[in-house]
Amino acid sequence: MYPSPQPSNRVGAAPATGRGGKSHKKGIMNLFITGTDTDIGKTFVTAGLALTAQVLGYRVGVYKPFQSGAVEINGELKAPDLEFIEKLEGDNLMNPSPQPSPARGEGAHIPSENVGWARQPTNKANIKTAVSYIMKAPTSPALAAELENVDVNMDKILADYKKLKAACDITFVEGAGGICVPLAKALLVGNLIKLLNLPIIIVARPDLGTVNHTLLTIHYAKSQGIEIKGIIINKYPENTSDIAVKNVVKQIESYTDAKILGVIKDIESKSEITKENMVKIFSEHIDIKELITSQNI
């Protein structure tokens, strides 16, 4: 059993302002995925949200402004975070029968066991991905850029984001590590969020210490005027007897007004990480429709 967040209308902070565009219109979401730490499961959560949104009929984009720790394949550097999402999308493509496009103001719903599933060609409705800076060193992007003599241009990042956003109904931007990770000289992840003018989802672990890490992340975001869409607890162990883990949702909700969006179980077996399974998990534990329909863009 997973702890259930209490129903709440609370929000994190006032909407951010920045060069990415005003944030006043109610409609489809664009979100920045950050975390309380590195190796927290941001890519897993980003993939789950993107795949579920795609199944709902949205044109989805995933943007990775900075990728360090890249892998070389046939002499070319590849972004492993985006490769993960692309592999999942192409693996066991079980998409629902076509539904009216939510982008045109028509309804959408999470598929249930009673909905007929039909295979769709892999060249249709692909999740679009983009990366601006890709570096090999498994360090912070700032250090990797310094080691590899990469000059970071924020105008390029903004242009790349806007280009992808224009081609999609929903765009998810995945950060690097936590909200204060250095990206370049005098540039942190928080500065990038402000530039793109996006609300954030904070991905957190359920382990002892996560309350502190989560509250610090929330405090920093609010101090920068960044809107907090909510928190997703990731890697929650099934049937845990750990008292700290069992009370993590209650503890976080006791000390902040940021909403717990859901709790995602820990998947220990790689064989369970399929598109169909991830859509099922995220549909059951995250209110995707609420995220989609209540987002200011």
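**Entry 1: a loop residue**

I started at Asn197, which lies in the loop between α5 (189–196) and β12 (200–204). Helices here are DSSP runs of H or I with at least four residues, strands are runs of E with at least two, and both are numbered from the N terminus. I was working with a predicted model, in which local features need pLDDT of at least 70, side-chain atom pairs count only at pLDDT 80 or more, and totals for chains, interfaces and linings use all residues. Residues are numbered from 1 along each chain as its sequence is written, and side-chain values use heavy atoms, with hydrogens and water left out.

Is Asn197 buried or exposed? With a relative accessible area of 7%, Asn197 is buried. (Buried means under 20% relative accessible area, exposed over 50%, and partly exposed in between, with a 1.4 Å probe and protein chains only.) I also noted that Asn197 has a positive phi of about 60°, although it is not a glycine. Most residues other than glycine have a negative phi.

I then looked up Asn149, which has a positive phi of about 55° and is not a glycine either. Asn149 sits in the loop between α3 (141–147) and α4 (154–166). Its relative accessibility is 69%, so Asn149 counts as exposed.

**Entry 2: the whole chain**

I found 10 helices and 15 strands in the protein. Of its 297 residues, 49% count as buried. Taking contacts with a separation of 6 or more, I saw that 81% come from residues 24 or more positions apart. (Contact means heavy atoms within 4.5 Å.)

**Entry 3: helix α2**

Which residues of α2 (residues 80–90) are buried? They are Asp81, Leu82, Ile85, Leu88 and Glu89. These residues cover an arc of only 125° around the axis, which puts them on the same side of α2. (The arc is that of the directions from the helix axis to the C-beta atoms.) A note to myself: an α-helix has 3.6 residues a turn, so residues three or four places apart point the same way.

What covers the buried residues of α2 includes α1 (42–55), β3, β8, β9 (170–178) and α9 (275–285).

Leaving aside neighbours within four places in sequence, Ile85 is in contact with Thr46, Ala47, Val62 and Ile127. The C-alpha atoms of Ile85 and Ile127 are separated by 8.5 Å, and these residues are 42 apart along the chain.

**Entry 4: α1 against α9**

I checked how α1 and α9 pack: their angle is about 90° and their axes are 9 Å apart. (Axes are lines fitted to C-alpha atoms, for helices over the stretch in contact, and angles run from 0 to 180 degrees between N-to-C directions.) The two helices α1 and α9 are therefore roughly perpendicular to each other. (Angles of 65 to 115 degrees count as roughly perpendicular, under 35 as roughly parallel, over 145 as roughly antiparallel and the rest as oblique.) Among the residues that meet here are Phe44 and Leu51 in α1, and Met278 and Phe282 in α9.

**Entry 5: aromatic rings**

I counted three aromatic pairs. (Rings of Phe, Tyr and Trp, with its six-membered ring, pair if their centres lie within 6.5 Å; planes under 30 degrees apart count as stacked, over 60 as edge-to-face and the rest as tilted.) The centres of Phe66 and Tyr133 are 5.7 Å apart and their planes are at 20°, so this pair is stacked. Phe66 belongs to strand β3 (residues 60–67) and Tyr133 to strand β8 (residues 128–134), so the pair links distant parts of the chain, 67 residues apart. Both Phe66 and Tyr133 are buried.
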